Amino acid sequence: MRKLTTALISLCASTAFFTVAHAAENVSVAIISFSPYAPWYIVKEKGLAKDINLDVKIIEGITEKNAAITSGQVQCMNNTMDSMVLARAGDLPIKVVAFSDMSYGLDKMVVTKDINSIDEFKGKTFGADFGFLNHMWMLLTLKRAGIDWKEVHHAVMLPQESAAAFASGGLDIDVNYDPFASQSLKREGAKVFKSSLTDKTWERGLISDAIACNQDWLAKKPEVAKELMRAWFEAVNWWKENPEEGNKIVAAGLSWPIPDVKLNQSGAIMLNINQNMGAFGLPGGKPLCESLPEGAPRAPKDAKGWGVLFGGPDCVAGYAAPTWDLFSETYLAAGVAQKNAKSAEGLDSSIIGALVKDGIPDKYTSNKWIGRLGPQ
């Protein structure tokens with residue numbers, strides 16, 4: 001009896017150890033209601049993140065999202081790259097570990113019928129949120145044209161407010177993204193001055209989205225972070241190969257109708273891991289501008305690139321750091337940021353590098369365009 005009892009105790013102890021040793025990690029990620037941020041729902045639905053209990057939180061406000069990642073309520077978040085720059089300038093303890101997607105026609109500058117050139121922006125009023133990617137796009141547009149940002153009036157508005165104000169005649173320019181930009185086009189005579197596709201912002205990642213994580217969590221849980229990001233790239237790869245089912249999962253997660261997912265995805269490109277390698281400038285990677293997806297539309301041949309702002313060519317590998325630094329300098333000069341946040345502080349390619357060593361780029365190779373099912 002004693003031998004049996006001892007054996008049972010040993011078995012229970014071993015079982016308890018096994019359970020503790022293999023307990024799943026609880027990880028929360030924050031997104032806004034935006035389909036290119038939503039492959040996390042595919043990760044959850046398909047159980048792709050091994051030994052991770054993933055919680056996806058929709059937090060629409062940037063301030064609230066930043067507070068959540070600072071407090072540890074969430075470990076990682078998706079946001080626009082320029083917002084990450086501002087966050088670092090405000091001492092938010094984050095590191096950008098990957099780039100999720102690139103605007104490829106989703107963002108548009110909608111203007112009144114009398115505006116036909118960039119010089120005619122002078123004295124006009126544009127609507128855009130403050131310190132948001134559309135604000136940055138306008139600042140860079142003016143900078144490239146040699147126009148002082150003070151010569152154009154900025155009406156600070158949320159995207160839906162800007163679209164409504166433009167449609168009712170309260171603005172001259174709406175710098176926005178779909179579906180709001182499409183609403184602005186309903187104004188009589190309104191037209192698209194340029195889009196992120198025609199403006200070739202994708203060559204330098206000027207309107208791009210990133211995934212950032214709390215830097216302390218990254219230091220404590222590097223293997224968990226690596227598995228989380230591996231699962232992200234597996235989900236993106238799967239969505240590209242299974243767009244109809246993927247759209248349904250994303251739509252259900254966001255509580256969106258499927259046509260809205262298609263509309264978002266028709267103007268965005270989901271970046272695979274090789275394109276992330278290209279963004280960071282890691283050996284063997286190709287930037288998006290050298291690896292556009294099959295089936296995606298192409299910019300007009302006479303479209304102007306952005307290399308002039310960097311003193312180099314339009315299409316380069318390793319664009320992430322120079323673009324980060326340009327954002328930081330631009331926001332500082334425009335009074336949006338109070339200090340300069342260098343790319344060395346905010347970018348961390350170690351997770352992508354670790355996945356490269358594991359051979360992940362050879363496993364998730366799809367470069368299809370999910371938006372091929374969207375409006376043409």
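A residue counts as buried when its relative accessible area is under 20%, as exposed when the area is over 50%, and as partly exposed in between (1.4 Å probe, protein chains only). By this rule Phe34 is buried, and so is Tyr177. The model is predicted: local features need pLDDT of at least 70, side-chain atom pairs count only at pLDDT 80 or more, and totals for chains, interfaces and linings use all residues. Residues are numbered from 1 along each chain as its sequence is written, and side-chain values use heavy atoms, with hydrogens and water left out.

**Aromatic rings**

- A pair of aromatic rings is described by the distance of the centres and the angle of the planes.
- Rings of Phe, Tyr and Trp (its six-membered ring) pair if their centres lie within 6.5 Å; planes under 30 degrees apart are stacked, those over 60 are edge-to-face, and the rest are tilted.
- This rule gives a count of eight aromatic pairs.
- Phe34 and Tyr177 are an edge-to-face pair, because their ring centres are 6.3 Å apart and their planes stand at 70°.
- This pair links distant parts of the chain, 143 residues apart: Phe34 is in the loop between β1 (25–31) and α2 (39–46), and Tyr177 is in strand β8 (residues 173–177).
- The rings of Tyr177 and Phe180 are also edge-to-face, since their centres are 5.5 Å apart and their planes are at 80°.
- Tyr177 has a relative accessible area of 15% and is therefore buried; Phe180, at 17%, counts as buried too.
- One aromatic cluster is formed by Phe34, Tyr37, Phe132, Tyr177 and Phe180.

- Helices (H or I, at least four residues) and strands (E, at least two) are DSSP runs, numbered from the N terminus.
- Helix α4 is largely enclosed by the rest of the structure, because eight of its nine residues are buried.
- Those buried residues are Met81, Asp82, Ser83, Met84, Val85, Ala87, Arg88 and Ala89.
- Just after α4 comes Asp91, with a positive phi of about 65°.
- Val85 of helix α4 has a relative accessibility of 1% and so counts as buried.
- Contact means heavy atoms within 4.5 Å; leaving aside neighbours within four places in sequence, Val85 is in contact with Trp324, Phe327, Ser328 and Ala341.
- The C-alpha atoms of Val85 and Gly346 are separated by 7.3 Å, while the two residues are 261 residues apart along the chain.
- The expected span of a helix is 1.5 Å times one less than its number of residues.
- For the 14 residues of helix α13 (residues 320–333) that span should be 20 Å, and the end C-alpha atoms are 20 Å apart, which agrees.
- Buried residues in α13 include Trp324, Phe327 and Ser328.
- The buried residues of α13 pack against α4 (81–89), β4 (94–103), α5 (133–145), α12 (273–280) and α14 (343–346).
- Gly335 follows α13 and has a positive phi, near 80°.

**Charged side chains**

- Side chains of opposite charge can pair when their charged atoms come close.
- A salt bridge is a side-chain nitrogen of Lys or Arg within 4 Å of a carboxyl oxygen of Asp or Glu.
- The whole structure holds 13 salt bridges.
- One of them joins Arg144 and Asp199, whose closest N and O atoms are 3.1 Å apart.
- Arg144 is in helix α5 and Asp199 is in the loop between β9 (191–195) and β10 (208–214), so this pair links distant parts of the chain, 55 residues apart.
- Both Arg144 and Asp199 are buried.
- Glu203 and Lys200 form a salt bridge at 3.2 Å, N to O.
- Glu203 counts as buried at 6% relative accessibility, and Lys200 is buried at 16%.
- Lys226 and Glu223 form a salt bridge with their closest N and O atoms 3.6 Å apart.
- Lys226 and Glu223 both lie in helix α9 (residues 222–241), three residues apart, about one turn of the helix.
- Lys226 is buried, with a relative accessible area of 16%, whereas Glu223 is exposed, with 54%.

- Lys124 is in the loop between β5 (107–111) and β6 (125–128).
- Lys and Arg count as positive and Asp and Glu as negative; His and the chain ends are not counted.
- Lys124 is buried yet has no salt bridge, and the nearest side chain of opposite charge, Asp114, is 4.6 Å away.
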